[in-house]
Amino acid sequence: MGFLSDKRILITGVASNRSIAWGVAQAMHREGATLAFTYQGEKLKGRVEDLASQCDAEFVIPLDVSNDEQIDNCFSALGEHWDGLDGIVHSIAFAPKDQLEGDYVGCVTREGFAAAHDISSYSLAALAKAGRPLMQGRNGAILTMSYLGAVRAVPNYNVMGIAKASLEANVRYLAASLGPEGTRVNAVSAGPIRTLAAAGIADFRSMLKQVEERTPLRRNVTIDEVGNAGAFLCSDLASGITGDVLYVDTGYHILG
Ligand code: 0WD
């Protein structure tokens with residue numbers, strides 16, 4: 001029996017088998033969780049359905065977090081299948097590509113700033129709000145994915161770093177709000193991993209190389225390692241942890 005048996009968890013943000021959410025889903029499946037997946041747009045439907053079936057997922061639901069109606073429909077569909085929800089994995093971020101290259105002041109725009117914050121931070125609160133009735137009183141957990149750029153000025157990460165700072169504050173406010181009804185809220189701050197989203201960041205390859213050369217473990221982190229930490233944070237093994245950011249980055253964040 002795994003440490004997530006009896007837990008029903010919604011996984012968002014799977015776009016490919018390289019996605020961090022896929023690492024989390026596989027770890028959760030291994031630990032006995034029952035999973036449902038969301039996909040963003042028809043283009044990803046088939047791929048997410050294939051991956052979901054590898055985790056014996058019960059169902060797959062469309063969800064674009066920029067659309068309130070889709071958020072409502074997603075949780076209504078969830079409520080039709082399940083009488084309660086024990087976890088939400090939020091592994092979603094977006095900023096227009098022109099915001100993620102070069103000088104921050106030079107490239108930031110009102111529209112880029114708003115989109116990054118809406119999709120990458122507000123959406124966590126939106127999912128927590130919509131999932132609240134199903135999660136109440138179950139000692140469940142919400143998990144999101146952050147990055148070191150929330151607390152350091154990382155070249156090219158630009159507005160996404162500010163959105164991640166907002167996301168981490170969101171984790172603390174959500175934890176304070178939902179704690180009294182038993183729901184915990186945490187983030188994993190992952191080291192850089194080559195995924196579709198990462199491909200949008202200028203010079204991502206040199207970020208990977210720099211980490212490999214300097215980080216205590218002298219290698220980049222894997223989606224399996226992030227997945228294991230995420231599964232732990234959503235399990236009862238982490239019942240005393242909320243409002244926190246756990247670094248899973250082979251130790252890079254401790255360096256001066
Ligand atoms: O180095 C990295 N890859 C790191 C990623 C280091 C630290 C943190 N992260 C974070 C990301 O910022 C994000 O929050 O992890 C999370 C997952 O990112 P990922 O696994 O690196 O990227 P990917 O496999 O591309 O999954 C992110 C997915 C989107 O993929 P694309 O590539 O199509 O943008 O987020 C989803 C989408 O499937 N997504 C949305 N889902 C619903 N509604 C939306 C949306 N509006 N926008 C993006």
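Guide: Let's start with the largest nonpolar core in this predicted model, which has 37 residues. The residues with the most contacts inside this core are I11, M28, L35, F37, V188 and V226. As for who contributes, at least two residues each come from the strands β1 (8–11), β2 (34–39), β5 (141–146) and β6 (184–190), and likewise from the helices α1 (20–30), α2 (42–54) and α8 (223–233). Helix α1 gives the largest share, seven residues.

Setting aside residues up to four places away in sequence, F37 touches I11, V14, W22, A25, V48, A52, C55, A57, F59, V60 and I61. There's also a second, separate core, this one with 32 residues, including A36, I92, L124 and L167.

Now for the ligand. It has 26 residues around it, and the closest are S19, I20, K164, I193 and T195. For S19, an N or O atom of the side chain sits 2.6 Å from an oxygen atom of the ligand. G13 comes in through its backbone instead: one of its N or O atoms there is 3.4 Å from a ligand oxygen. On its own the ligand would expose 860 Å², and the protein buries 89% of that.

Aromatic pairs next: searching the whole structure turns up two of them. In one, Y147 and Y157, the ring centres are 4.7 Å apart and the planes stand at 65 degrees, so the pair counts as edge-to-face. Y147 and Y157 are 10 residues apart, and each sits in the loop between β5 and α6 (158–178). Y147 and Y157 are both buried.

For a contrast with those two, go to D6, in the segment before β1. Its relative accessibility is 69%, and the cut-off for exposed is over 50%, so D6 counts as exposed. Beyond its neighbours within four places in sequence, D6 is in contact with G32 and D86. The D6 and D86 positions are 80 residues apart in sequence, yet 8.8 Å separates them in space, C-alpha to C-alpha.

Technical notes:
Residues numbered from 1 in each chain as written. Predicted model: local features only at pLDDT ≥ 70, side-chain atom pairs only at ≥ 80, totals over all residues. Heavy atoms only, no water. Core = buried A, V, L, I, M, F, W, Y, C linked by side-chain atoms within 4.5 Å. Buried < 20%, exposed > 50% of the residue type's maximum accessible area, 1.4 Å probe, protein only. Helix = DSSP H or I, 4+ residues; strand = E, 2+ residues; numbered from the N terminus. Contact = heavy atoms within 4.5 Å. Near = heavy atom within 4 Å. Polar contact = N/O pair within 3.5 Å; in protein donor to acceptor, adjacent residues only side chain to side chain. Areas by Shrake-Rupley, 256 points an atom, 1.4 Å probe, with all protein chains shown as cover. Phe/Tyr/Trp six-rings, centres within 6.5 Å; stacked < 30°, edge-to-face > 60°.
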